[in-house]
Amino acid sequence: MSLRTLLLATTCAAIAAPALADVNVYTTRQPELIQPVMDAFTAETGIAVNLAFVDDGLVERLRAEGARSPADLVMTVDIANLKQIVDAGVIQPVESEVLTNAIPAALRSDENLWFGLTTRARIVYASNDRVAEGEVTTYEDLASGKWEGRICTRSGLHNYNLALMSAVISHAGEDAARDWAAGVQSNLARKPEGNDRAQVKAIWAGECDISLGNTYYMGKMLEDPEQTEWANSVRIVFPEFADGGTHVNVSGVAMTNAAPNRDEALQLMEFLVSPEAQSIYAELNYEYPVLEGAPVSDLVAGWGGFTPDDTSLSELAANRPTALRIMEEVNFDG
Ligand code: FE
C-alpha cells in the first residue's frame, strides 16, 4: 500500500467513525450504586457516562440551568421525587418501544416522562422471636388491636409512608384509609423517629415486634457489621392488601428538557432495561428488576416471592396530597 493510499484509508476511517458524545447523568443515588451498570454500557457502546451526584436541590439546579444544562438524564428514587421533576417541567417525554415493552405500565409515567428501573417493596420486618409465622398477613391488619404497642415506624410524613398511605387510599377509599392510619398510629410502640433501619434496631432491642421498611434495607444491614445482628433478629414478611398485592415503589430515570446528547442518552435508557443491566442494577442495591424474568440476587431471592400491587404509581402520586392530609389529621407522628 502506498503512503497516499494509507493516508486516504486512515482519513476515511476517521470520518466513518463519528465522535460519540458522553452522556451526563444527574443522580440522587449514591454513584457507587450506579457506576458498575454505566461501565457495562460503556463497554458495550463506547459511550462514556459522567455521573454527577446531586444530593439536594436537583429540581432547582435543573431549573437554574434551563436549556444550557449539561445533564441528559436524571436518576432518582421514589414516586414523590419523580412527580416533583414532572411538576417542575424540567423533563421531556421519551417515546421508546424498548422502554414501554420492558417496563410494566404501573411502573412508568402515562405520558412517558419517567421510567421505573427497579422496584422495592414496603414490607413488614417481623421479630423472629416474638412474631409467629402467619401472624402478619395484610396491611389492613396492622390497624387491628392485636398489634397494640408492638409497631415501630419512621415518620408518617416520610415519602415512603406517604406512598404506602396513597396505596391504602386506592385500595380502601379515603374514609377507610383514615381509620387505618388512626388504627396503626394507636398501635405504635413509640413516637415515629429515625429511619427504616432504626426501627429494626428497635425490634432487636425489644422495643417493638414489627416495623414498616423497604426490602433493600435488609441487604444494607447485613453489609454493615454493626447492623448485622439487627438484621438477624428479624425476617421479611410481604403483607398484601386485602384485595391483593404488596406495595412497591421505584427507582427511575427521566430525560431532561435540555438533553444535549439526546441520542446517546436514549441508548443508555434503553440499555438500562436490558436483561444484563437490569440484573446488575437491581443487585447493587438489593432491589427487584422491572424487566420480567431478569434474575434477582441470591440474597433477595431468599426473602421469598410476592405479587406486587398493580396500582399505578401515577395514581399513588395523585393520592399523595390526601395521604399527607390524613397523616396530619390523625396526628400520626404524635
Ligand atoms: Fe431508602
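Predicted model: local features only at pLDDT ≥ 70, side-chain atom pairs only at ≥ 80, totals over all residues.
**Exercise 1.** Find where the largest cavity lies relative to domain 1 and domain 2.

*Solution.* 
- Start with the volume, which is about 60 Å³.
- Next, list the lining: Asp-78, Ile-79, Ala-80, Lys-83, Asn-159, Leu-162, Ala-163, Ser-166, Leu-316, Ala-317 and Arg-320.
- Finally, bring in the domains. Domain 1 (18-119 + 249-295) and domain 2 (120-247 + 308-329) both contribute to the lining, so the cavity lies between them.

**Exercise 2.** Describe the lining of the second largest cavity by class.

*Solution.* 
- This cavity has a volume of about 50 Å³.
- Its lining consists of Asn-161, Leu-164, Trp-180, Val-184, Leu-212, Met-327 and Phe-332.
- Sorting them gives 6 nonpolar, 1 polar and no charged residues.
- Helix 6 and helix 7 (174-186) each supply at least two of the lining residues.

**Exercise 3.** Work out which parts of the chain Tyr-160 and Tyr-217 tie together.

*Solution.* 
- Begin at the metal: Tyr-160, Tyr-216 and Tyr-217 coordinate the iron ion through their OH atoms, at 1.9 to 2.1 Å.
- Along the sequence, the donor spacing reads Y-x55-Y-Y.
- Tyr-160 sits in helix 6 (residues 159-172) and Tyr-217 in helix 9 (residues 216-223), so the pair links parts that are 57 residues apart in sequence.

Conventions:
Residues numbered from 1 in each chain as written. Heavy atoms only, no water. Donors = N, O, S within 2.8 Å, 3.2 Å for Na, K, Ca; no water. Helix = DSSP H or I, 4+ residues; strand = E, 2+ residues; numbered from the N terminus. 1 Å grid on protein atoms, 1.4 Å probe; cavity = no way out; pocket = protein on both sides within 12 Å on 5 of 7 lines; lining within 4 Å. Points joined across faces, edges and corners; volume = space filled by probe spheres on them. Domains from an automatic or database assignment. Nonpolar A, V, L, I, M, F, W, Y, C, P; charged D, E, K, R; others polar.
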